[in-house]
Amino acid sequence: RNEDYWGEKAKLNSVTVKVVPEDLTRLSELETGYSHIANQVQPSDMSRVDAMADADLYRVNQTVLAYLAYNCQKAPFDDIRVRQALTMAVDRDEIIKGAYMGTAVPAHGPFAPGVFGYDPSIKAFPYDLEKAKQLLADAGYADGFSTTLWTNDNPVRVMIAEYVQSVWRELNIDIDIQVLEWAAYLEQTAAGEHDMFILGWSTPTLDADYATYALFHSDNQGAPGNRSFYSNPDVDRLLDMGRQESDSDKRLAIYSELQQKLIEEAPMNFLVYNEQMAGVSKKVKNFELTPASMYLLRNTYIVE
């Protein structure tokens, strides 16, 4: 706590943040009282937190997009028909039911509901396995191909990878799932060494520019965010216009067009927006977790 802060001071003297990589260990710390807050709770562990006598499950809808991205500079993902086909061959509802246990909503493009620029009238490609097969045949891949899909050890992402591996077998696509250590994962996807990968992107500003400029502008390929190595002059133009325009209605029109363009171009498969879940001790009062997964602790206090 900053004792010299000009406004109302924080209620807590200090906050200790502990890095506990193992999900079950974090929950044990919460259950035994060694920690007051455990974040994040995996969907498979919700029932355990619900059953705790001295803690509650805190849930909030997020602006964090979970996505599966294609390396647009590598064959066959440099062909829009292949990207569209693979996108159509993923059932978001199955992912929500299986990997997220109902704690997510389907993503219809790069903007979450509540983010400025979101257009609810625009929908993502529907799940259509037959159309996907036709697109692959048109692109010359009727017999499928072999590829790799990278993820880190996040259990939900691994489940998504396994689901995709299973369903794409019907397209004669053989996927080798590779689980990478986090630092290597970021370094190698930034270098473009991947075929496909699963990752997420948060929009803490609740504005469309933050949700898209880093991910899709050709100037940002690699580490800045565009790990799909996607490049499209029309998309660059819309992104530049969106951050230069000051009229809100005109900006909405720009981002509506951008949302539609990105869905059609399919540099990535926009999967879901999931809930953020934390286990919180009943002793903790006034805790708040924002849709961008930020802790607001200034007014938080503990009752012993």
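**Buried residues and a strand crossover**

User: At 4% relative accessibility, does Thr 87 count as buried or exposed?
Analyst: The classes are set by relative accessible area, with buried meaning under 20%, exposed over 50% and partly exposed in between (1.4 Å probe, protein chains only). The model is a predicted one, in which local features need pLDDT of at least 70 and side-chain atom pairs count only at pLDDT 80 or more, while totals for chains, interfaces and linings use all residues. Residues are numbered from 1 along each chain as its sequence is written, and side-chain values use heavy atoms, with hydrogens and water left out. Because its relative accessibility is 4%, Thr 87 counts as buried.

User: Which residue's side chain joins that of Thr 87 in a polar contact of 3.0 Å?
Analyst: Thr 87 lies in helix H3, residues 80–88, where helices (H or I, at least four residues) and strands (E, at least two) are DSSP runs numbered from the N terminus. A polar contact is a pair of N or O atoms within 3.5 Å; within protein, one must be able to donate a hydrogen and the other to accept it, and residues adjacent in sequence count only if both atoms are side-chain atoms. A polar atom of the Thr 87 side chain lies 2.8 Å from the backbone oxygen of Arg 83, whereas the side-chain partner at 3.0 Å is Tyr 70.

User: What is the handedness of the β-α-β crossover from E4 through helix H6 to E5?
Analyst: Strands E4 (residues 145–151) and E5 (residues 173–179) run parallel and are joined by seven bridges, where two strands pair if DSSP finds at least two bridges between them. A crossover is right-handed if, with the strands pointing away from the viewer, the path from the first strand over the helix to the second runs clockwise. The chain crosses from E4 to E5 through helix H6, residues 155–167, and this crossover is right-handed.
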